Amino acid sequence: MEQPMIGDAFGEMIKDAYAVRTGIGPRPLAGGRLFRPVIEVIERDDGLINGAPADHYLDEPDDWQPHDHRALRRCRGHVLDIGVGAARIALELQRRGMAVTGLDTSAGAIEVARRRGLRDTVLSTVDGYARATARYDTFLLLGNNLGLLEGPERAPAFLEALSRLANPGARILAQGADPYGTRDPVHVGYHERNRARGRLGGQLRLRLRYRMVASDWFDYLNCSVDELEQLIDGTGWRLKSVDQKDRPYYLAVMEQVP
């Protein structure tokens, strides 16, 4: 069987989703004539396949989850939106007159963010951008992007990179999900399999598939609040507060240790 081409699967997906929503540019077709909905397909390393419409990456504030609105009320100063995607959050901050930079590793996502009007964008990893001279007061990891911590091996380096970009008193606003309330045997079994391999239960190994393109495999973390607190211990950041009004989702506020 042919293997998918490795590339910017997320970017290709977002560009098509944007074209379908706006009616501008080439759009994927079903049956050669009808426009096809854009579906994000996530493949997990145990063989599980999940799919969901990709249009939510373009949602306007009226369609957001409550924790997104509460997160924006906590933003201050110069904001770095990490994993900006199609810039749904960053654009709203920009509309409110805040200084916001959108960072992503996906060239396609950055292209769409710019086309939608985001003025300040960076195509880079967090580690690569940590060498920049810019400094920030708020770091955003929304849309479940707490997952970008990946796991115990990666989290210290990721947080160290943010420390190099931080103004005194900077904060991280991160939205995560506690994976352990499920009774689904597929997920419970995956947690047990992970622990047997020395990983956190919710430490996912994933790749994104879109049409003929796949991303490289990557780690993505779902963790409990207790696990998060252990992960950041000794990194120069501390957990200041946790908003759990929308369980199992939560909004964690982390601040630099003085």
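## Rings, strands and helices: a guided look

Let's start with the rings: pairs among them link Tyr129, Tyr136, Phe139 and Trp237 into a cluster. Keep in mind that this is a predicted model.

Q: How many aromatic pairs are there by the ring-pair rule?

A: The idea is to look for ring centres that lie within 6.5 Å. Here the count comes to five aromatic pairs. One of the pairs is Phe10 with Tyr57, with 5.1 Å from centre to centre and 85° between the planes, which makes it edge-to-face.

Q: Which parts of the chain does the Phe10–Tyr57 pair tie together?

A: Phe10 belongs to helix H1 (residues 9–22), while Tyr57 is in the loop between strand E5 (49–53) and helix H2 (66–72), so the pair joins parts that are 47 residues apart in sequence. Phe10 also counts as buried, at 17% relative accessibility.

Q: What kind of aromatic pair do Tyr136 and Phe139 form?

A: That one is tilted: the centres are 6.1 Å apart, with 55° between the planes. Now check the accessibility of each partner. Tyr136 is buried at 1%, and Phe139 is buried with a relative accessible area of 0%.

Q: Where does Arg44 lie relative to Tyr190?

A: Here you look for a charge sitting over a ring. Arg44 lies over the face of Tyr190, 3.9 Å from the ring centre.

Q: What is the order of the strands in the open sheet?

A: Strands of a sheet pair through backbone hydrogen bonds, and they can do that either parallel or antiparallel. In this case seven strands follow the order E8-E7-E6-E9-E10-E15-E14, and the pairing is mixed. Strands E8 (121–123) and E14 (237–243) are at the edges with a single partner strand each, so one side of each has no neighbour in the sheet. From one strand to the next, the twist averages 20°.

Q: How many bridges join E6 to E9?

A: Three bridges do, linking E6 (residues 79–82) and E9 (residues 136–141), and these two strands run parallel. To find your place, spot Val79, which stands opposite Thr138 in E9.

Q: Which helix packs on the sheet and touches E6 and E9?

A: That's H6 (residues 155–164), which also touches E10 (166–177), E14 and E15 (249–256). The direction of H6 makes about 145° with that of E10. Helix H8 (residues 225–232), meanwhile, lies across E14 and E15 and runs at about 165° to E14.

Q: How many disulfides are there?

A: For a disulfide, you want two cysteine sulfur atoms within 2.5 Å. The count here comes to zero. As for cysteines you can look up, Cys75 is buried at 11% relative accessibility, and Cys223 is buried at 0%.

Terms used. Residues are numbered from 1 along each chain as its sequence is written. This is a predicted model: local features need pLDDT of at least 70, side-chain atom pairs count only at pLDDT 80 or more; totals for chains, interfaces and linings use all residues. Side-chain values use heavy atoms; hydrogens and water are left out. Two strands pair if DSSP finds at least two bridges between them. Helices (H or I, at least four residues) and strands (E, at least two) are DSSP runs, numbered from the N terminus. Axes are lines fitted to C-alpha atoms, for helices over the stretch in contact, and angles run from 0 to 180 degrees between N-to-C directions. Contact means heavy atoms within 4.5 Å. Buried means under 20% relative accessible area, exposed over 50%, partly exposed in between (1.4 Å probe, protein chains only). Rings of Phe, Tyr and Trp (its six-membered ring) pair if their centres lie within 6.5 Å; planes under 30 degrees apart count as stacked, over 60 as edge-to-face and the rest as tilted. A charge sits over a ring if NZ of Lys or CZ of Arg is within 6 Å of the ring centre and within 35 degrees of the ring normal.
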